[in-house]
Structure formats: structure tokens, C-alpha cells
Amino acid sequence: MRYDVVVVGAGIAGPIVARNVAKEGYSVLLIDKKSAIGAPKQCAEGITITVFEKYDIPYDKRFINREIYGAKLYSPSGYELELRYNDVSGVILERKVFDKMLAFYAARAGADVLVRTEAVDVIRENGAIKGIRAKHEGEPIEIYADVIVAADGVESTIARKAGINTYAPPHEFDSAYEYEMLIEGFDPDLIHLWFGNEVAPRGYVWVFPKDEDRANVGIGINADNPKTAKYYLDKWLKENNIPAKKLLEINVGVVPVGGIVKELAKDNVVVVGDAARQVNPMHGGGMAEAMEAGTIASKWIVKALEEENLELLKNYTKEWWEKDGKRLERVLKVRKVVEKLTDEDLDVFIQVLSGADAEKIAGGDYLEVIKALLKHPKVLMSPRRIALLKELL
């Protein structure tokens, strides 16, 4: 097989790259090791409403379960912070359909798509990478391409085989466990998030409504925790008298929340999405980040092919770090500070923050918020809180 570009992985970033490059008339092959793109899901399925227009994705009711109008945050002692908007702020997707449709859009743009096709190695000739070796339905195949895109998830075989350093210590990952289940008593127009060191160490419990009485109920905690995410989720359900007897689906995953890959392009290989740790370190969401990375990467892939100069791929690294990387590094600083907060601290901050403040902190645009917090009486009472906040300045 011979293509201009081969994209390994049909999650979010991969199909965006495949679609954008194929639209420009280049031959593209998108492969995925799963037999059905999108399954199993490893996601709470929430995403901001702005991505559809920004990344040219149809607002298609086939993969939108529910429109959401904000969020509600709960502190360890039960204090609440509500962010509610008049207009739709986000949606809960059906990832099994959404991912497949992204691959469909790539195919409709001209890309070839192969499932049950697992990349196992790169092809090297005279020291240069010329393509990948894969197994399609168990049979070995060779795929030659000018550009290889590693969009193959957290453990990225292709990035590693290409010599791109994707190592991150275990503490830079979260372990996630989620039930899709029947659950009642929560406002279905909002997503709900619970924080606390005994509730979800370094993370949170979430309820993302998909119907009036159906939701994704999950948890993320630090992956190096001696106890499992399932332990903490089941404990939270029991303590809140929520019966886990109507379970429709169980999903387990590992989420990168740090260790962002520095070198995103090496020779003719680029790495995007979870493979590059392009995930918000604070809340663990990575779909919008993957779309942004895929859009920037595809732009430079097209330019490199147009000018027959693969050195241009390095501009993807430069542009992404300028546009999104610096922001995510600021969010990573927030995550590292939040890890040091006690439950009392979390109670205080949920009491004194506004919804807009919380949103800015999670998005990395927090300097003015931190300066204001440093003047708040409940913060001034604690030298330790002052010191922690000053770490973000």
C-alpha cells in the first residue's frame, strides 16, 4: 500500500487530520485497531458547544444525547458552586456514534479507512522511516507513506517506535472508572462534579446526564493511588445511597494529565491527541484539545506535502506550543497546586469563587482571579493558602 499520509488511530485527532488532509487532494489512509470505531468508549462524553463551528463538525442529533446549560460543583462539606447559562454551553455526546461519524467525514473527504488494523512497527530503510507495519484482521501488511501520524492513544506504539519521547511517570496519569446507569435526583441540564480528598484523590466524581434518569457516573483519581478508582466510585455511590443496580455499561481508562510531549514532530512522524498528552490536566478532558492539535498538524502536513519539504512539519510543534501548549502548562500548574489542597481548602475556594472564576482557572486564564483571591479574607487568614496561590503567579 502507498499513501501520502497514514494516520494511526481513529479517535478524535486522527479523523480530523485525515479529513483535513484528504480535502486538499492528498491520498490518506486512516487505520484503527478496533473492529468498530468508537467502541468501547473511554470518556465522560461532555464537550463545549463551540467546537462544532470551530472545527467544522456538523451539529448532528445522531451523536448528541443531551444539551447542557452549565455545571454544578460540590465541595467536601457540601458547599455548592453553580455555573448556569441561558444558552446551551455544551453537549453530552454518544462517543460510539461521534467517533464513527468523524471517520465517516474523513472517508467522505477522500480518505481510505481500515478497521481491525493494528500498527505494530515503523518501516525503516537506510535509517529513514518510510511507513508502518500493521496487521489487518491478523494478516501482516506494509503501508508506505510520506507522513505518518501517531494518533494511537496514551501508549502510542508508533510515536515510541519513531523515537519520540512520550515517557511520563505514573503520577502524570489518572485512573478512571465509569458506569452508564440509571440515576435520579440530579438536574439533567447541568453536569455535576464532586471534589474531596476522601471522595476522589487528585480528581473528582462526575454525573454527566444523558437522559432525565440516565447518566455517565464516573471518577478519576491519581493512577498511582494504592486504591482503585472503582473502590472510590462504589464508596461514593454507597455513601450517597445511590443503588448501582441498573448498570448499562462499564468503562475503564487511563487519562494523561501531565507529561505533555515536547517534540510533536520528528522527521516525517507527527504525534497528536492523547498520544502527545494533549489533555487538560485539570479536568482530564481532551476532545477539544485533540481537535485543535489535529487542525494545526494537518495544516503543516499539507504545507509540507505541497512544498515537498518535510522539515516544515516542525512548525506544528512550534505553533501548537504557542497556541495551546503554554495554556495547558498553566493548567498543569493549577493541577499541581490543587493536589496540595486540604478538604477545608476546597470548601473555602468553592465558597469564595464565582462560576466564571472557576471556569477561568480550569482553562488556564487565571492570573486576575488569583490576584483577587489573594485579597479575600478567608485566604488572608491562611499563610499556607497564600503561598499555594502565589505558586500560580
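This is a predicted model: local features need pLDDT of at least 70, side-chain atom pairs count only at pLDDT 80 or more; totals for chains, interfaces and linings use all residues.
Colleague: What makes strand S15 largely enclosed by the rest of the structure?

Modeller: A residue counts as buried when its relative accessible area is under 20%. Nine of the nine residues of S15, residues 214-222, are buried, so the strand is largely enclosed.

Colleague: How do you know that S15 pairs with strand S12?

Modeller: Two strands pair if there are at least two bridges between them. S12, residues 173-182, and S15 share nine bridges in the antiparallel sense, and therefore they meet the requirement of at least two. In one of these bridges, glutamate 180 has asparagine 216 of S15 as its partner.

Colleague: How many bridges join S14 to S15, and in which sense do they pair?

Modeller: Strand S14, residues 204-209, pairs with S15 in the antiparallel sense over six bridges. Tryptophan 206 has glycine 218 in S15 as its bridge partner. A hairpin of four residues connects S14 to S15.

Colleague: Why is asparagine 241 called exposed?

Modeller: The word exposed requires over 50% relative accessible area. Asparagine 241 has 69% relative accessibility, so it counts as exposed. This residue is in the loop between helix H5 and strand S16.

Colleague: What is noted about the phi of asparagine 241?

Modeller: Most residues other than glycine have a negative phi. Asparagine 241 has a positive phi of about 55°, although it is not a glycine. Arginine 277 is not a glycine either, and has a positive phi of about 60°.

Colleague: Is arginine 277 buried or exposed?

Modeller: Arginine 277 has 4% relative accessibility and counts as buried, because buried means under 20%. Arginine 277 lies in the loop between strand S18 and helix H6.

Colleague: Which peptide bond is cis, the one from alanine 39 to proline 40 being the case in point, and what is its omega?

Modeller: The bond from alanine 39 to proline 40 is cis, with omega near -5°. Most peptide bonds are trans. Proline 40 is placed in the loop between strands S2 and S3.

Colleague: What span is expected for helix H7, and what span does the helix reach?

Modeller: Helix H7, residues 314-338, has 25 residues, and 36 Å is expected at 1.5 Å a residue. From its first C-alpha to its last, H7 reaches 34 Å, which is close to that expected value. H7 also bends by about 55° at tryptophan 321.

Colleague: Why is the pair of glutamate 339 and arginine 202 said to tie together parts of the sequence?

Modeller: Glutamate 339 and arginine 202 form a salt bridge, with their closest N and O atoms 3.4 Å apart. Glutamate 339 lies in the loop between H7 and helix H8, and arginine 202 in the loop between strand S13 and S14, so the pair ties together parts 137 residues apart in sequence. Glutamate 339 is partly exposed at 26%, and arginine 202 is buried at 17%.

Colleague: What makes arginine 385 buried and glutamate 344 exposed?

Modeller: Arginine 385 has a relative accessible area of 7% and is buried, because the limit is under 20%. Glutamate 344 has 54% and is exposed, because that word applies over 50%. A salt bridge joins the two residues, the closest N and O atoms being 3.5 Å apart.

Colleague: Which residues are linked in a network of salt bridges?

Modeller: The network links Lys41, Glu45, Glu94, Glu180, Lys210, Asp211 and Arg214. The total count of salt bridges comes to 40.

Technical notes:
Residues are numbered from 1 along each chain as its sequence is written. Side-chain values use heavy atoms; hydrogens and water are left out. Buried means under 20% relative accessible area, exposed over 50%, partly exposed in between (1.4 Å probe, protein chains only). Helices (H or I, at least four residues) and strands (E, at least two) are DSSP runs, numbered from the N terminus. The expected span of a helix is 1.5 Å times one less than its number of residues. The bend at a residue is the angle between axes fitted to the seven residues ending there and the seven starting there. A salt bridge is a side-chain nitrogen of Lys or Arg within 4 Å of a carboxyl oxygen of Asp or Glu.
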